[in-house]
Amino acid sequence: MAVISNKWVGVLSFFLLLLLAIPTDAAPQRRKNGNGNGATTKGNGATTKGGATSKGGATGATAGGATAGAAATKITQATDGSTILDKTVNVNGLSLRYKISAPADQFTAESGVTGGTATAGANGTAGLNVLLHGDGGQSFFDFPNQAVQDNLMGVAILAPDPNLFWGGGSGLDRTDGVAHSAAVNELIQTQLPQDVAFDMTNVFFMGVSGGSLMLSGFFMPAFGAQYQTGVELNCGALAPQVAVVDAATMIASNRIHFQSTKDELALLQDAIPASIAAYEQLATDAGLDATTVGTLQTVDNTPNGGGHCGFDEQGFVTGVQLMADNFANVMGAQASGEVTGIGNVLTVIRCRERAGCIYECRTSPKNDLNGYRNNTPC
Ligand SMILES: *[C@@H]1O[C@H](CO)[C@@H](O)[C@H](O)[C@H]1NC(C)=O
């Protein structure tokens, strides 16, 4: 059939638009039994990108501190010509699937990557940008940070959770945040060096939605003092939910950027300013002056119209890709702050507290309210 009538083209386009309009990785979701939102979005992510092997039990040969998984190791090519290793291991009793994107010769001989010549555990010249996806796993499957950028190779890890929520639980209540954070740290410290040569002193983090909740709520408090690099918290943030280990070091040695949108989810419009205020307070408690805090901690929520994580004012997937493509511009040592379509995102945070409630988080130099609502009625 060579000709499709205009009427059918119209109908098809309508359904195509409907499909595109369905959010694929909407975030902080309430866990529901059966076919809740979380389960639906997880299904999309897992089926569209062939995630069938992601959650199997892991058994097999040991590799470093972790156990190699039953899921088949896959090797594919990245958008920039790098090699992607996709693997599942058991870490602390949790099945962790992860991807590493690196130049072929940076992989270890044991990794199975053709041309991998590095020695397991050897220091490499490049660092890592470790991405934790949002609820449902979309950004793990998309792997928006797969291109080597600013001397950082891409890593993405899939949450060891039935609904693919980082930190487990649901909404802002991430009940497995401690265990998941410990597993991520263990993977980086003991498993990744078996796969690829990288510089352990140059490991950065990028969160998307639920991944940002875990990074800010649990991972940075527990392990930030160890990494001393930076974290980009996209469309999500929590105040620390656990004691901050070596708080003075953690806060003084990490760059933190909070990136959101004006039309962020209501739940996050409260949680993000609370997180900003908490991290600023840690810096103040550590005796850092305002200028130093302004260099370390930045915030932007200029984008409007793209919804949750829609940093390009279009949608989730392209919005997250935009922030991944501009990671060096935001987090790099020489970051310009310029993100195409947004402008300069490196605005400085100033939160004010009155009688225990945070009533505004301003940014300067723009010095506008930047869309954040009062997080506590004063
Ligand atoms: C690894 O090598 C880089 C230079 O390539 C160096 O800057 C870094 O300090 C080294 N890291 C470790 C852990 O020795």
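Cys235 counts as buried, with 34 C-beta neighbours inside 10 Å; a residue is buried if 20 or more other C-beta atoms, placed from the backbone, lie within 10 Å of its own, exposed if 12 or fewer, and partly exposed in between. The structure is a predicted model, in which local features need pLDDT of at least 70, side-chain atom pairs count only at pLDDT 80 or more, and totals for chains, interfaces and linings use all residues. Residues are numbered from 1 along each chain as its sequence is written.

Most residues other than glycine have a negative phi.

| Residue | Phi | Loop | C-beta atoms within 10 Å |
|---|---|---|---|
| Gln228 | about 55° | between H5 and S9 | 15 |

Gln228 is partly exposed. Helices (H or I, at least four residues) and strands (E, at least two) are DSSP runs, numbered from the N terminus.

The axes of helix H4 (residues 177–195) and helix H5 (residues 210–227) come within 9 Å and cross at roughly 60°; axes are lines fitted to C-alpha atoms over the stretch in contact, and angles run from 0 to 180 degrees between N-to-C directions. H4 and H5 are therefore oblique to each other, since angles under 35 degrees count as roughly parallel, over 145 as roughly antiparallel, 65 to 115 as roughly perpendicular and the rest as oblique. Residues making the contact include Val184 of H4 and Phe219 of H5, where contact requires C-beta atoms, placed from the backbone, within 7 Å.

Terms used. Contact = placed C-beta atoms within 7 Å.
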